[in-house]
Amino acid sequence: MNKNNTKDSDRSLPKTDRRKFLKGAATSAAALAISPTAKAQDPSAYNASYTAPSYQQMQRDAGMVTPPEPDTRMVVRPGSDLMVQALKEMGIEFVTSNPGSSFEGIQESIANYGDPPNHLPEFITALHEESSVDMANGYAKSEGRPMVAMLHGTLGIQHASMSIFQAYHTGTPMLLLVGRDVGFIQAHTADDMAAMCRSFTKWDAQPTSLEECIDTLHEAYRQAVTPPTGPVMVVIDIELQKEEAQGFQLPPFRPAVIEGIDAATAKNIAQRLLNANNPRLETGPFRTPEGVESAVQLAELVGASTSTTAVAASMSFPQRHPMCGPGADTNYDFILGLEAASPDITLKRPIVNSLTAERDKMSIGFGSLRENYVPNPPGAEPTPMEEDQRANQGTLLTIDAQASIPIIISELSRLITPEQQRVINERKARHATANREAFLSALADAVEEKKRGWDLSPVSTARLYAELWPLIMNEDWCLASPTNFSGGHHRQLWEHNKPYSFLGTQGAGGMGYGLGASVGAALAARSRGRFVVNVQCDGDLNYAPGALWTAAHHELPMLAVMHNNRAWHQEYMFVQYLAGVRGRGTERGHIGCVLRDPFIDYSKMAESYGVASEGPIEDPTLLAAALNRGVESVKAGKPYLIDVITQPR
Amino acid sequence: MRRVLIGTITFLLGSIATSMAYSQELGPVNGNAEAGAQLYYDHGCHGCHGYSGYGRQDLNNTGSPWLMNVEVFRAFLRARANEAPILPSTSMPNYPQNSLSDEMVNDIYAYIRSLPDNRPETEDIPTLLNILEAAGQREFKK
Ligand SMILES: Cc1ncc(C[n+]2csc(CCOP(=O)(O)OP(=O)(O)O)c2C)c(N)n1
Ligand SMILES: [Mg+2]
């Protein structure tokens, strides 16, 4: 049996541990009895709030204790068991949550229902709801599939809201299950709880019966993974979780059907790819690893050089695939855009901003999300900006590229002639050579660039990435944290060949995301023989550091290497700049922007959460050995944190 | 005000032209580098330029015309004082006289000029050699 299954119950404590635990309790009780502060208390304080003992207390004090009646189990097949069964059938691996009575039914079902219990889904303990949702974000970005974050009523939603907002901006699929308990604490509930973040969820529902709840869970999954993908919310009343399901039969889960282009359009594209002398694929991030696989197949089939977004987002074309790069000849005569703009034909799935008019109840407007938005409602007059974008995009088809590629491939297989195949093979060989040369030459330039300040202390951010790469290049790794503030040197120095190689940025620039997302990616990594690298900014770590404990508790392979510049450095530069512009002195720009006096000891912080750690390291010559210890630790399934004091940028 | 500004800009461009046209030689250093190091830190130069002149924007070995001599350097810091930055269009803060006196500018200049080159030969950095070599040998595997 999976040893994690009973981890949260003290039944799993070995006898000796339990004894130690009890002994500890006894010692502290004894300490309390003789504590001088206890003695020094003013006795009148007790009198003020004296209330008479209850009947039960008097009975107990008089020694008349009767054991409680053995409980007769009223509910044999609770509704929440069926909810958990539905999650199982949808393949949900993890439910991450901070406990709350409004979903105690589901929580108990995860813990006890099924064989083995607490498996598929496994309950992942989060110390903050923001971490829960960030975990779901990191997991989904690395796997291309949703997991569940469970939230406690109005309170849980509000703690989670910034992370939900970021997942929405990214279009990350995830299921947010919210417990609702009308009969308990009024402040924890609301009539329309999902309204609080309706502007930044794709879809929500509040079912009123168990049957409806199961249908809703199924539909929620389909909604989350169907473009426009995004977070969806289901509010589940405690009564539905606790009620007896009797003979209710769980309906089978029907997966989402995601439409691709029609056969005629596919044939047209296939012909143009074959007739071109130098076809080109421009690719953006796909939805799942299958999308990447299809794109690779297509590039190989037609011998097209291909662009990638692998240094910016997950689910991207592999960077060192022989077709990836500018190719032998950059005069492309037909460019097919697959989730990326093309002057000829672009296939692009809709993204969540196409829903904002309908969902944006708070008129947020969504800043940059709106700016890039090219709506395509039937019959609508395009604005000049849209017209311009469309001109540059050629024919824009708002359709899922991933679902369309197999249709194009099947047309190609029918059309391709032996002569065309021969030409394609030759072109592929030329592209492979050219792309390899392009990569190596860019790398050689990068190395010259990155060695600036190589021996400096504190450590240069480029050296941090450079020292790490040789230690992981032959391993299965996932870089899960954003890297923009630490210089992002992996972009030029590392190779991003897996759908999960790099998970990209926060989504909406919200700090505090990096740790949670890395822990979520490590959830995915744990059972897949992979480990996660998290280049952890100090500012980011301090929003919700409790996720470190989640990593320790669930034994997650996450290597956190700190970019510790002892500041919210981005903000320091802004304030400093303004102080200069206003001409009022430039000595106080650090106020409110630095994390010094005192410094925070992150190694101790990690240690206290149960994560092995070392540092602070300021001497760059000590870095490689420390990183090596870290890599060994995560390969053995244990999280590790290395505090590295770095140059600010 | 505007005229003063244009005057400064003209002077600035003139100085650069002069320093570039007549010599690639760096001007003399008069300030105190040690005092300059503290000022460099206190006034936030390290924010973008790193604690030792390497960072988002390098100061070392850049051949930047703004660092040719202390007069140009000072004019550069002052040119945009009390105005939104107009020339050159960088995100560098302004440093008017009441932020940094001429003497302080001299010291910071001395510190910048004292910064050692920190770009070892690639041949002397095994980590980087290893990265280059491994990339050359690697074949893409699905
Ligand atoms: C939730 C949130 N609060 C505040 C900010 C403003 N902000 C942007 S960058 C930044 C500093 C981040 O510090 P750190 O993560 O240590 O990175 P550094 O800039 O120091 O490299 C802050 C506070 C934000 N983006 N999100
Ligand atoms: Mg920082």
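Predicted model: local features only at pLDDT ≥ 70, side-chain atom pairs only at ≥ 80, totals over all residues.

I started at A:Thr283, whose bridge partner in β9(A) is A:Leu338. The two strands involved are β7 (residues 279–283) and β9 (residues 334–338) of chain A, paired in the parallel sense over 5 bridges. Pairing here requires at least two bridges found by DSSP between the strands. Strands are DSSP runs of E with at least two residues, helices are runs of H or I with at least four, and both are numbered from the N terminus.

Residues are numbered from 1 along each chain as its sequence is written, chains are lettered from A and ligands numbered from 1 in the order in which they are written, and side-chain values use heavy atoms, with hydrogens and water left out.

Next I traced the whole sheet around β7 and β9. It is open, has 5 strands and runs β8-β7-β9-β10-β11 in chain A, with parallel pairing. β8 (305–306) and β11 (395–398) each have a single partner strand, so one side of each lacks a neighbour in the sheet.

I then turned to another sheet of chain A. This open sheet of 5 strands has the order β12-β13-β14-β16-β15, again with parallel pairing. Its edges are β12 (477–479) and β15 (612–617); each has a single partner, so one side of each is left without a neighbour. Neighbouring strands are turned by 15 degrees against each other on average, direction ignored. Such angles run from 0 to 180 degrees between N-to-C directions of lines fitted to C-alpha atoms. Inside this sheet, β13 (residues 531–537) and β14 (residues 558–563) pair in the parallel sense over 6 bridges. A:Gln536 stands opposite A:Met562 in β14(A).

A:Asp538 sits in helix α21 (residues 538–541) and A:Ala567 in the loop between β14 and α23 (569–582), 29 residues apart.

An oxygen atom of ligand 1 is 2.7 Å from an N or O atom in the side chain of A:Asp538. A polar side-chain atom of A:Tyr543 lies 3.5 Å from a nitrogen atom of ligand 1. A polar backbone atom of A:Gln570 is 2.9 Å from an oxygen atom of ligand 1. The protein covers 80% of the 580 Å² of accessible area that ligand 1 has on its own, by the Shrake-Rupley method with a 1.4 Å probe. Helices α21 and α23 of chain A each give two or more residues to the shell.

Last, chain B. I counted 6 helices and 0 strands. Helix α4 (residues 70–79) has 8 of its 10 residues buried, among them B:Phe73 and B:Phe76.

Definitions and conventions: Polar contact = N/O pair within 3.5 Å; in protein donor to acceptor, adjacent residues only side chain to side chain. Buried < 20%, exposed > 50% of the residue type's maximum accessible area, 1.4 Å probe, protein only.
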